[in-house]
Amino acid sequence: MLIAGFPAGAWGTNCYLVAPAAGEECVIIDPGHQAVQGVEETLKKHRLKPVAVVLTHGHIDHVASVVPVCGAHDVPAWIHPEDRYMMSDPEKALGRSIGMPLMGELTVGEPDDVRELTDGAALKLAGMDFSVAHAPGHTKGSVTFRMPEASDIPSVFFSGDLLFAGSIGRTDLPGGSHAEMLESLGRVCLPLDDSTVVLSGHGPQTTIGRERATNPYLREVAAGLRADPTAAPRRGM
């Protein structure tokens, strides 16, 4: 399996391209702010053909390049219905203006083909299986994608802004909820095997085992306690 990722734009949002191997079809995850060049360079380097864009949530730092990427390759975008409005109205999603100079660089709106994700959905894209889990907390429509263990790799978990190395996503923007975040961590993350590789929306990769042992939020959820919302710095827009 090939997973190529790079941090994009002002927020350093991780965009991932996933394929069975070089020279095959691929899925693009979270093409955010200023991600177009990185996507095109990665496609060319590995000789990949996109078949879909999938989105962990609707914040502009994760979806800003969806329209140009989908348009250039005539592929659909998948997003949870509760976050769909954010593609066309990113300022409402943040509860404030994100600034005219930045907005002037963005193509706000939906691509021609938008498909909705549901909890428990099993997507088969580019010959690969992705399990979808609805994981509200950072936004109402946040989701994660998990790929099953294969002969050559452990299970891979694209956590979006739910779980980071040493931290979790912020919950103070419209649609965010600390209580829902804790519920999602317990329901979605804790059952995963320790060997599961976590590829987050921001920052370095980690594993479920490492986070179970060291992440203050996940540790307190595992212990059945109410995690302190200031236990560690949180990332994401």
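What follows is a set of questions and answers about a predicted model.

Visitor: How many helices and strands does the secondary structure of the chain come to?
Guide: The model is predicted. Its chain has 237 residues, and 54% of them count as buried. The secondary structure comes to eight helices and 14 strands.

Visitor: What share of the contacts with a separation of 6 or more comes from residues 24 or more positions apart?
Guide: Take the contacts in the chain with a separation of 6 or more. Residues 24 or more positions apart account for a share of 62%.

Visitor: Which residues have the most contacts inside the largest nonpolar core?
Guide: This core has 25 residues. Elements giving two or more residues to the core include strand 1 (2–8), strand 2 (13–19), strand 3 (25–29) and helix 1 (36–46). The residues with the most contacts inside the core are L17, I28, V39, V53 and V66.

Visitor: Which residues does L17 touch, not counting those up to four places away in sequence?
Guide: L17 is among the residues with the most contacts inside the largest nonpolar core. Leave out residues up to four places away in sequence. L17 then touches L2, I3, A4, F6, C26, V27, I28, V39, T42, L43 and L48.

Visitor: How many residues are in the second, separate core?
Guide: This core includes Y16, V18, V27 and A121. It is separate, and its count is 22 residues.

Visitor: Which strands stand at the edges of the open sheet of six strands?
Guide: The order is 7-8-9-10-13-14, with mixed pairing. Each edge strand has a single partner strand, so one side is left without a neighbour in the sheet. The edge strands are strand 7 (122–125) and strand 14 (206–207).

Visitor: Which residue in strand 13 does F158 stand opposite?
Guide: Strand 10 covers residues 156–160, and strand 13 covers residues 197–200. The two strands pair in the parallel sense over four bridges. Opposite F158 stands L199.

Visitor: What angle does the direction of helix 6 make with that of strand 8?
Guide: Helix 6 (residues 178–189) packs on the sheet. The helix touches strand 8 (128–134), strand 9 (143–147) and strand 10. Its direction makes an angle with that of strand 8 of about 145 degrees.

Visitor: How many residues apart in sequence are the parts that E116 and R84 tie together?
Guide: E116 forms a salt bridge with R84, with the closest N and O atoms 3.4 Å apart. E116 lies in strand 6 (residues 114–116), and R84 lies in the loop between strand 5 and helix 4 (90–94). So the pair ties together parts whose separation in sequence is 32 residues.

Visitor: Which residues are linked with R84 in a network of salt bridges?
Guide: A search of the whole structure finds eight salt bridges. One of the pairs is E116 with R84. The network links R84 with E110 and E116.

Visitor: Is D172 buried or exposed?
Guide: D172 meets R170 in a salt bridge, at 2.7 Å from N to O. R170 counts as partly exposed, at 24% relative accessibility. The relative accessibility of D172 is 55%. Exposed means over 50%, so D172 counts as exposed.

Visitor: Where do E183 and R187 lie?
Guide: Their side chains meet in a salt bridge (2.9 Å, N to O). E183 is partly exposed at 41%, and R187 is partly exposed at 35%. The two residues are four apart, about one turn, and both lie in helix 6.

Methods:
Residues numbered from 1 in each chain as written. Predicted model: local features only at pLDDT ≥ 70, side-chain atom pairs only at ≥ 80, totals over all residues. Heavy atoms only, no water. Core = buried A, V, L, I, M, F, W, Y, C linked by side-chain atoms within 4.5 Å. Buried < 20%, exposed > 50% of the residue type's maximum accessible area, 1.4 Å probe, protein only. Contact = heavy atoms within 4.5 Å. Pairing = 2+ DSSP bridges. Axes fitted to C-alpha atoms, helices over the stretch in contact; angles between N-to-C directions. Salt bridge = Lys/Arg side-chain N within 4 Å of Asp/Glu carboxyl O.
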